[in-house]
Structures are given as structure tokens and as C-alpha cells.
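Visitor: I have a few questions about how the terms are used here. Can we go through them one by one?

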Amino acid sequence: MISKAKKLAAEKAVEFVQGGMIVGLGTGSTSFFAIHRIAERMKQEGLNIRAVSSSTSSEELALQLGIPLVPFSEIDSIDLTIDGADEVDGEFNLIKGGGGALLREKILASNSRKFIVIVDESKVVNRLGKFPLPVEIVPFAAELTIKRLGKLPCTPEVRMVHGKPFLTDNGNWIVDCHFGEIADPGALSRQLKAIAGVVEHGLFLAMTDTVAVGHTDGTTRFL
Ligand code: 5RP
């Protein structure tokens with residue numbers, strides 16, 4: 001049922017894609033549906049777009065589906081990026097990075113004229129923070145960076161896969177920081193960015209233009 005809601009949100013957002021656009025492709029199970037819908041519209045309507053991707057997984061999917069990718073050296077900006085999120089609040093602030101692609105996702109979002117977020121209804125919250133905040137750190141001296149993260153009011157947990165730290169597409173680690181409710185996302189963003197060793201974090205503040213929400217009852221709405 002949740003995957004149906006994700007698909008609905010994704011398909012609603014893909015209605016904003018127009019011929020000639022440079023489109024940023026997000027990462028994750030909701031973006032998966034958006035990428036499929038873009039490919040479908042290309043086949044059905046002859047929609048002509050070029051894409052950039054926020055992860056190797058979305059890049060591979062785009063290539064499999066015949067969506068042409070454009071090198072960053074050939075573009076100045078992105079017309080529209082469509083991406084999922086782990087939490088969205090009423091001010092369109094997000095937690096992202098559940099899939100570990102937050103750095104590339106933030107680069108795409110911040111270079112996009114329009115950024116549409118696609119979520120199922122379970123992701124809409126009053127306050128961010130129930131979902132642990134993913135923080136991308138360099139592996140060098142990671143232990144020290146993690147100790148500094150632990151001095152914030154959070155419990156840091158290195159994301160592991162098969163007994164080893166999960167590696168992002170950039171060769172970095174993800175630390176999932178359990179904050180509970182985040183009272184001041186702006187202040188936290190600044191604190192995190194001030195820690196040497198932190199490459200990026202999953203708070204996406206004041207970047208989102210539109211949020212498409214899919215509901216398990218088959219409806220969609222914009223926040
Ligand atoms: C990946 C992300 C995803 O957009 C986020 O985790 C949501 O994933 P899903 O669409 O699978 O629920 O930020 O880094």
C-alpha cells in the first residue's frame with residue numbers, strides 16, 4: 001500500500017516534466033517510480049529530456065530505461081529535480097539520506113530551478129527528527145568526528161552493511177544521528193557543518209518548492 005502511495009506521488013510530480021528540460025533524478029524507492037514514469041512518458045509521448053543523477057543506482061536505472069544522461073560539464077543548472085525524502089515538515093524542510101545519497105542529492109537540489117519532493121503520507125511530520133539524521137563523514141579519523149557528533153544531543157550510529165561501514169558513492173561513511181525532535185533545524189545545520197570531517201548532512205532546509213504526497217487511499221495532494 002505504501003508503495004502504491006509512493007508511485008502516486010512520483011507520477012504526480014512527473015507531470016511537471018516538460019520537453020527540453022534537464023531533469024535531476026533522485027534516489028530511493030519513490031524516485032524509482034519517478035524515473036520509470038519519465039521513461040514511460042518518453043516512449044509514449046516522445047518527451048525529450050536529458051537527465052543528471054544523484055547516485056550510481058539511479059544512473060544505472062536511467063541508462064537501462066533509455067533516459068539520456070548529460071555530463072555536468074555541459075550544463076549550467078538543472079531545470080527540475082524530483083526526489084524522495086525520509087521526513088517533510090510543514091515548512092518543507094526535509095530529512096534525507098536514508099538511502100545514503102544525501103550529498104549528491106543536495107548538490108542536485110541546490111542547483112535546480114525547481115525541486116519537487118515526492119513522499120507517501122507517512123513521511124509528513126510536525127517536527128523533523130524521529131527519523132535518524134544521516135550525516136556523511138570522511139573515513140579519515142572517523143572516530144574523532146563521531147565523538148564530536150556525540151557531543152550534540154544525539155546518539156550517533158555508524159551505518160553498517162555486512163559488518164563493515166556502509167560506503168557512499170563518494171567513498172564516505174554515513175553516521176545516523178538519533179536526535180529525537182529537532183527544535184531548530186537551522187541551528188543544527190550550522191553546528192554540523194562546523195565539524196571538520198562532516199562532508200554534508202541530511203537536513204534540506206528552504207530548498208523545496210513543491211511536495212507531492214501520495215496517500216494509501218489512492219489520492220494525491222500537494223502540501
Ligand atoms: C536517499 C534519500 C531518499 O530519497 C529517502 O531515503 C527516501 O527513500 P524512499 O523513497 O525509498 O522512501 O534521501 O538518500
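Visitor: What makes 2-122 + 206-216 domain 1, and which residues form domain 2?
Guide: This is a predicted model. The bounds come from an automatic or database domain assignment. That assignment gives 2-122 + 206-216 as domain 1 and 133-199 as domain 2. The centres of the two domains, taken over C-alpha atoms, are 25 Å apart.

Visitor: How many residues does each domain bring to the contact?
Guide: Domain 1 brings eleven residues and domain 2 brings eleven residues. Contact here means heavy atoms within 4.5 Å.

Visitor: Now the ligand. Which residues come nearest?
Guide: There are 17 residues around the ligand, and S29, T30, D86, G97 and K123 come nearest.

Visitor: What about the backbone of T27 and G100?
Guide: A polar backbone atom of T27 is 3.0 Å from an oxygen of the ligand. For G100, a backbone N or O atom lies 3.4 Å from a ligand oxygen. Both values are within 3.5 Å, so both pairs count. The protein covers 91% of the 380 Å² of accessible area that the ligand has on its own.

Visitor: Which pocket holds the ligand, and what classes make up the shell?
Guide: The ligand sits in the largest pocket. Its shell has two nonpolar, nine polar and six charged residues.

Methods
Residues are numbered from 1 along each chain as its sequence is written. This is a predicted model: local features need pLDDT of at least 70, side-chain atom pairs count only at pLDDT 80 or more; totals for chains, interfaces and linings use all residues. Side-chain values use heavy atoms; hydrogens and water are left out. A residue is near a molecule or strand if one of its heavy atoms lies within 4 Å of it. A polar contact is a pair of N or O atoms within 3.5 Å; within protein, one must be able to donate a hydrogen and the other to accept it, and residues adjacent in sequence count only if both atoms are side-chain atoms. Accessible areas come from the Shrake-Rupley method with a 1.4 Å probe; for residues, only the protein chains shown count as cover. On a 1 Å grid over the protein atoms alone, a cavity is a set of points where a 1.4 Å probe fits but cannot get out, and a pocket is an open set with protein on both sides within 12 Å along at least five of seven lines; lining residues have an atom within 4 Å of a point. A molecule sits in a cavity or pocket if more than half of its atoms lie within 2 Å of its grid points. Ala, Val, Leu, Ile, Met, Phe, Trp, Tyr, Cys and Pro count as nonpolar, Asp, Glu, Lys and Arg as charged, and the others, Gly among them, as polar.
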